[in-house]
Amino acid sequence: MSLPDYGFYILCGTAVILLAAQAVTHPTQFFQVFIFGLTQGAIYALVALGYTMVYGIIELINFAHGDVFTLGAYIGTTLLGFFAITEGTFTAINLIALIIVFPVVMLIMGGINITIERVAYRPLRNAPRLAPLITAIGMSFFLEGVMFLWRGPATVHFPDILPTQSWYVAGVFFGVRDIFVVVVGAVLVSLLAVFINQTKLGKAMRATAQDRDAAQLMGIDINRTIAATFFIGALLAGAGGIIWGLYYNTIYYQLGFRSGLIAFTAAVFGGIGNIPGAAIGGLVIGLTAAFSDSYIGSKWTQVVIFGILIGVLVFRPTGLLGMRVPEK
Amino acid sequence: MALLELEGVDAFYGRIQALRGVTIKVERGEVVALIGSNGAGKTTTLRTISGLMHPNSGTVTFDGQDITRTRPSRIVELGISQSPEGRRLFPRMSVLDNLFMGAYSRNDKPGITSDMARVFQLFPRLQERRTQIAGTLSGGEQQMLAMGRALMAKPKVLMLDEPSLGLAPILQETIFSIVREINAQGTTVMLVEQNANKALEVANRGYVLESGVIVQTGSGRELLASEEVQKAYLGM
Ligand SMILES: Nc1ncnc2c1ncn2[C@@H]1O[C@H](COP(=O)(O)OP(=O)(O)OP(=O)(O)O)[C@@H](O)[C@H]1O
Ligand SMILES: [Mg+2]
């Protein structure tokens with residue numbers, strides 16, 4: 001272990017000890033913040049997975065990914081508008097609308113992201129790395145521009161159609177929407193884990209990420225596995241966008257810029273390219289943001305998050321989990 | 001007609017020409033050795049056959065079919081697989097998953113299962129290590145896995161790029177005797193080696209590549225006896 005490694009562990013350890021002290025002295029507040037952090041973390045995890053999977057397979061930081069997340073929310077609110085939903089309570093139609101809109105938005109986003117890869121990134125696959133990176137930034141502006149033109153610069157309402165029940169347990173307040181966010185996040189991440197580890201296409205995606213030429217020599221069509229990676233990343237980001245909308249009921253066209261950077265930080269924290277790392281990183285960053293909001297002050301949260309991003313990039317570029325086996 | 005045939009193949013890396021009019025024939029059931037020193041173009045030849053790169057001129061024919069511009073995944077389906085230079089395993093996948101990836105182009109479950117058994121019979125070591133992560137295998141085990149993985153495609157032609165490189169002499173013996181065994185079971189083999197002596201002993205025929213040009217060809221025995229080959233590659 002090198003010096004920066006010790007620094008990393010000392011910092012993480014100190015943070016954990018300080019939080020544990022809070023948990024003991026003010027448990028109610030601690031768990032209240034914890035629940036909020038968990039919901040944030042679930043959303044960031046869904047978005048971070050897309051960053052990490054794409055980076056893992058083509059070494060591209062897909063700056064447009066945060067905007068795919070936002071566009072999912074925009075399309076979600078539009079589609080929900082076609083249903084006779086009732087806001088503020090939970091009706092059978094709300095349920096039906098949710099059951100239909102979730103998969104439809106996910107699939108639409110998957111299709112859009114495949115198209116983005118096809119037109120914006122694939123032609124540059126053998127170009128110097130900077131070229132697709134710049135294209136990704138351009139694609140991010142493009143998607144934000146589309147949302148701006150479509151719904152304007154102001155915030156857009158996202159229907160409030162989840163059940164409104166909530167409870168106090170030992171002084172800690174939480175509602176159905178908190179449970180909903182965490183459960184949907186956990187289910188999607190578990191499905192992804194099964195897909196990646198158990199299915200032929202999932203394994204082929206991992207193989208392509210680990211050695212593209214070798215994957216081709218196995219008969220794997222890498223255009224297909226790369227497209228599948230963008231598709232799946234967008235399924236998760238689209239779901240994340242709807243969940244965000246259902247939770248906050250407000251979205252705006254630049255939402256993906258900030259949350260995208262935070263989710264990217266989560267991916268880097270977990271070790272960019274590392275799938276379990278992104279899920280864990282999402283939770284850690286969500287919790288960090290929540291704790292920072294209430295213990296340090298919300299105006300410092302961005303500083304804390306991006307401080308983590310810089311710290312990890314400088315001192316531990318392989319992230320929390322790192323790569324346990326040499327790359328080649 | 002030969003099973004695999006390269007005819008006047010020119011290949012480039014950017015503006016650097018790596019192959020110049022390479023013509024190679026591989027008959028069904030043969031072991032053909034391709035020998036040559038560092039940078040001669042041996043790996044380039046295999047990459048061209050596998051479709052990872054395409055020749056600027058010349059043709060590659062397999063089983064009567066022109067595969068000069070065919071994509072790599074299709075070439076594997078048609079029946080050419082390779083164990084590449086440097087093994088190129090999937091380092092963070094298990095031995096079993098690496099083998100399954102080798103069978104990616106196939107859908108015949110029973111056939112895959114029986115070929116898996118065959119690979120484990122050729123390389124009992126892999127069976128012992130089947131759940132181990134490939135990146136943590138020893139060099140010899142990695143070479144066995146690379147060969148086993150290529151066999152899982154059930155190839156008509158198996159191409160091996162320097163399978164003995166970096167292995168202890170006793171392990172080299174094992175690898176070459178397994179090459180013989182694979183060939184005896186009916187698979188045509190194209191063997192790229194710097195270890196010319198061993199390769200030519202195993203091979204029916206051989207080609208000598210120098211700076212991208214085929215400079216000599218003949219039976220394994222002829223090449224072993226040839227003065228030029230002895231001087232250049234056998235250190236005699
Ligand atoms: N990616 C590349 N870019 C540019 N030139 C390359 C590249 N790969 C190989 N070459 C050049 O092409 C020529 C043939 O290389 P090749 O790898 O086919 O040789 P080789 O016979 O396999 O050598 P070795 O025994 O060292 O593996 C060499 O001059 C090499 O420098
Ligand atoms: Mg070589």
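Me: Which protein atoms are donors of the magnesium ion, ligand 2?
Reply: The protein donors are B:Thr43 (OG1) and B:Glu85 (OE), at 1.9 to 2.6 Å from the ion. Donors here are N, O and S atoms within 2.8 Å of the metal (3.2 Å for Na, K and Ca); water is not among the atoms, so sites may look incomplete.

Me: Where do B:Thr43 and B:Glu85 lie in chain B?
Reply: B:Thr43 lies in helix H1 (residues 42-50) of chain B, and B:Glu85 in the loop between strand S6 (80-83) and helix H3 (95-102), so the pair ties together parts 42 residues apart in sequence. Helices (H or I, at least four residues) and strands (E, at least two) are DSSP runs, numbered from the N terminus.

Me: Is B:Thr43 buried, exposed or partly exposed?
Reply: B:Thr43 is partly exposed, with a relative accessible area of 22%, and B:Glu85 is partly exposed at 35%. Buried means under 20%, exposed over 50%, and partly exposed in between (1.4 Å probe, protein chains only).

Me: Turning to the sheet, in what order do the 4 strands of chain B run?
Reply: The order is S2-S1-S4-S5, in an open sheet with antiparallel pairing. Strands S2 (16-26) and S5 (65-66) of chain B are the edges, each pairing on one side only. Two strands pair if DSSP finds at least two bridges between them; S1 (residues 4-13) and S2 of chain B have 7.

Me: Which residue stands opposite B:Leu6?
Reply: That residue is B:Ile24, in S2(B).

Me: Now A:Arg125: which side chains does it join by polar contacts?
Reply: The side chain of A:Arg125 has a polar contact of 2.9 Å with that of A:Glu117 and one of 2.6 Å with that of A:Asn223. A polar contact is a pair of N or O atoms within 3.5 Å; within protein, one must be able to donate a hydrogen and the other to accept it, and residues adjacent in sequence count only if both atoms are side-chain atoms. A:Arg125 is buried, with a relative accessible area of 18%.

Me: What limits apply to the model?
Reply: In this predicted model, local features need pLDDT of at least 70 and side-chain atom pairs pLDDT 80 or more, while totals for chains, interfaces and linings use all residues; side-chain values use heavy atoms, leaving out hydrogens and water. Residues are numbered from 1 along each chain as its sequence is written, with chains lettered from A and ligands numbered from 1 in the order in which they are written.
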